[in-house]
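Hi,

Here is the structure I promised to pass on. Have a look at it first, and then read my notes below.

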Amino acid sequence: MKLVFFEYQGKVRLGEVIGNDIIEMESVNKEPKGGSYDIRSVKILPVQTASIFCVLVNSYKMLGASSKQEGKEMLGTPKFFIKLPSIVVGNGDIVYAPKSGIRPEVEIGIIIKEKLRNINSGKIQDYILGYTVFNDVTAPGEASKDWYYARRRDPNDGVVKRMIVRGAHFRNKNRDTFAVLGSIITTPDEVKLDRLRMMSIYDNKVIQDSTTDEFIFSPEEIIRELSTILTIPQLSVITTGTVGYSGAEDTSEYKLEAKSTTMEVHVKRIGSLVNPVKVI
């Protein structure tokens, strides 16, 4: 099943896509209520969410590890940061790049059907409405503006000294248009996240080309861990993390020249996003 959020006569609605028609649904937990709309006559919207929880790193190649197992040992648990829903744009919308550089991060967004807390691993699939494509647009050159110095105990020698602290992922992640979110939600009965090809293209060059086999933590492990920290609201988007960059030895500061061009991300069987880039 393919679901989509759309706007008709000033009202945001949810429906099932069948060919060129959208059959409106009462809510995510109810059957279609019968209203039918031509998909060409409505405004298609990005997934309507109040919360975007992103996994910081979930690829053993991005981590610099040699295997999933080493990656899990290095990370310990999934790591999270938040993107603000106010910066969301959709397919075809402009992405504004700072002059310091930019990069795409192709990811899968997991949409949560209803709120959950401390979920049992065996029940997690019951809470997944579906999947959409997500571009966690990043400006690596802006990250250092959130670094600062503080006196901290060095874990290597136990001595309190002046050290650099990397700070939060804010200026490099939470910029207007830096959360490109898909519209089409593919339900779990239609797709499994095994060996799905994930690609990104920038300025007509392939930047990322790998599969979901790079993931260190499964969607179930990610959702389970997040649910132990807080109550996950209904229709939250939880992202899977991205995959490694082609030919990049150290991806931590990997960035591309900011230019007026196009940025694309593709996930097999889930969707694509193509966005023009404008430098500001």
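In which strand is the place of Q208? Q208 sits in strand β17 (strands here are DSSP E runs of at least two residues and helices are H or I runs of at least four, numbered from the N terminus).

Before I go on, some housekeeping. This is a predicted model, so local features need pLDDT of at least 70 and side-chain atom pairs count only at pLDDT 80 or more, while totals for chains, interfaces and linings use all residues. Residues are numbered from 1 along each chain as its sequence is written, and side-chain values use heavy atoms, with hydrogens and water left out.

Back to Q208. With a relative accessible area of 0%, Q208 is buried (buried is under 20% relative accessible area, exposed is over 50%, and partly exposed is in between, using a 1.4 Å probe and protein chains only). Its side chain makes a polar contact of 2.8 Å with the side chain of S200, and the Q208 side chain also reaches the backbone oxygen of V243 at 2.7 Å. A polar contact is a pair of N or O atoms within 3.5 Å; within protein, one must be able to donate a hydrogen and the other to accept it, and residues adjacent in sequence count only if both atoms are side-chain atoms. Leaving aside residues up to four places away in sequence, Q208 touches several others, among them P104, E105, M199 and Y245 (contact means heavy atoms within 4.5 Å).

Now the charges. The whole structure has 16 salt bridges, each being a side-chain nitrogen of Lys or Arg within 4 Å of a carboxyl oxygen of Asp or Glu. One of them joins K83 and D136, with the closest N and O atoms 2.6 Å apart. K83 is in strand β7 and D136 in the loop between β11 and β12, so this pair links distant parts of the chain, 53 residues apart. K83 is buried at 0% relative accessibility, and D136 is buried too, at 1%.

D136 also pairs with K173, at 2.8 Å between the closest N and O atoms.

A salt bridge with partly exposed partners joins D209 and R197, 2.8 Å from N to O. D209 is in β17 and R197 in β16, so the pair ties together parts that are 12 residues apart in sequence. The relative accessibility is 35% for D209 and 41% for R197.

What about the nonpolar side? The largest nonpolar core has 69 residues, and those with the most contacts inside it include I102, Y131 and I238. A nonpolar core is a set of buried Ala, Val, Leu, Ile, Met, Phe, Trp, Tyr and Cys residues joined through side-chain atoms within 4.5 Å. Beyond residues up to four places away in sequence, I238 touches F53, I108 and L226, among others. A second, separate core has 6 residues, including V4 and Y37.

Finally, the overall picture: the protein chain has 3 helices and 20 strands. Of its 280 residues, 48% count as buried. Among contacts between residues at least 6 apart in sequence, 72% join residues at least 24 apart.

Cheers
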